[in-house]
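Student: I am new to this structure. Please take one part of it and go through that part closely.

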Amino acid sequence: AMLRQQLPEAEILALTHRAGAEVMRPLCSVAEVAPEENWRSLAARLRDFGAQAVLCCTEKRRGALACWASGAAIRVGFSPGWNQPLKKLASQVFFDRQVAGLGVHETERYAQLVEALLQTPGLPVPPIQLQPQAQHYAAAAAWKAELGVQLTPKWCRFGYTAEHLRQWIGRLPTALGLVGPAEEQWARAHFPEIQLYCSRDLLEYAAVLENLRVLVTVDTGAAHVAAARGVPTVDVFPAENSDFCVARWRPWRCPHEIVLQPAFSSQAVEQLGSRLGEAVRRLWNAAG
């Protein structure tokens with residue numbers, strides 16, 4: 001969206017996975033990339049497109065190699081720190097313009113790639129682009145709820161269990177359970193008493209979230225889909241390394257509360273339940 005604002009007449013091609021394609025299609029041309037597709041294949045796509053410039057929005061080696069082999073005159077990517085010396089040296093070959101992207105939100109890191117391409121610092125960063133259509137809102141109408149909880153095994157780390165999650169949910173207003181297709185079986189096995197919505201369409205899922213007064217999630221993509229639709233979100237991060245993770249992955253430009261998940265103990269189970277309840281109440285009351 002930022003590229004489109006700055007270069008309204010440009011031909012833009014996004015190489016992305018299937019879910020990303022739904023987001024990108026209103027903005028540019030899209031080529032879906034399979035997980036097993038190698039860097040040579042991606043580079044060939046870029047060459048066939050005739051790319052004059054390539055922005056590498058991933059730090060994976062596959063993307064960096066495809067960028068390097070694309071034949072583009074301008075190649076922009078992220079620069080690792082010198083704590084990864086081999087990766088740092090390789091990045092100087094792959095990219096002719098690099099950004100550090102340190103200490104800022106992930107959205108701002110991507111914005112830095114655009115600024116490096118255009119060699120114009122301080123450009124305005126637009127909101128995350130994710131717009132459901134009428135058919136998505138129509139389907140979402142069957143799943144109206146005021147509180148949603150994203151159910152994922154990611155809650156059950158560091159000694160915490162699904163039973164602990166059930167205890168925490170029991171302290172909250174009646175909630176709709178939200179779950180991805182890969183985790184549906186897990187959620188139905190552990191939470192048979194909760195109404196579950198399984199998201200098989202990203203834009204329909206966004207429309208379901210938009211109906212909520214508050215979303216509660218452990219740190220996952222759910223928080224970013226909610227942010228794209230302005231949904232107040234309680235986002236749970238592990239206390240360990242939280243300074244780095246929260247700064248980079250917190251919900252972007254929407255009302256939110258951050259709750260830190262402490263190292264596991266019986267006392268921590270009670271503490272986390274209380275923190276979740278308090279955070280939900282604050283956002284709930286703020287939402288009117």
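Tutor: A residue counts as exposed when its relative accessible area is over 50%, as buried when that value is under 20%, and as partly exposed in between. The model is a predicted one. With those cut-offs, start at the surface, with W82. This residue is found in the loop between β4 (74-78) and α5 (85-94). Its relative accessible area is 53%, so W82 is exposed. Together with L86 and L89, W82 makes a nonpolar surface patch of about 380 Å².

R157 can be read with the same cut-offs. Its place is the loop between β6 (147-150) and α8. R157 has a relative accessibility of 23% and therefore counts as partly exposed. In sequence, R157 and A43 are 114 residues apart, and their C-alpha atoms are 38 Å apart in space.

The structure holds one cavity of 30 Å³ or more. The volume of the largest cavity is about 30 Å³. Its lining is made up of V149, W155, L165, W168, I169, L172, V216 and L276. Helix α8, which covers residues 162-170, gives the most to this lining, with three residues. Sorted by type, the lining has eight nonpolar residues, no polar ones and no charged ones.

Note on methods: Residues numbered from 1 in each chain as written. Predicted model: local features only at pLDDT ≥ 70, side-chain atom pairs only at ≥ 80, totals over all residues. Heavy atoms only, no water. 1 Å grid on protein atoms, 1.4 Å probe; cavity = no way out; pocket = protein on both sides within 12 Å on 5 of 7 lines; lining within 4 Å. Points joined across faces, edges and corners; volume = space filled by probe spheres on them. Helix = DSSP H or I, 4+ residues; strand = E, 2+ residues; numbered from the N terminus. Nonpolar A, V, L, I, M, F, W, Y, C, P; charged D, E, K, R; others polar. Patch = residues over 30% accessible without salt bridge, like charges linked within 9 Å, V, L, I, M, F, W, Y side chains within 5 Å. Areas by Shrake-Rupley, 256 points an atom, 1.4 Å probe, with all protein chains shown as cover. Salt bridge = Lys/Arg side-chain N within 4 Å of Asp/Glu carboxyl O. Buried < 20%, exposed > 50% of the residue type's maximum accessible area, 1.4 Å probe, protein only.
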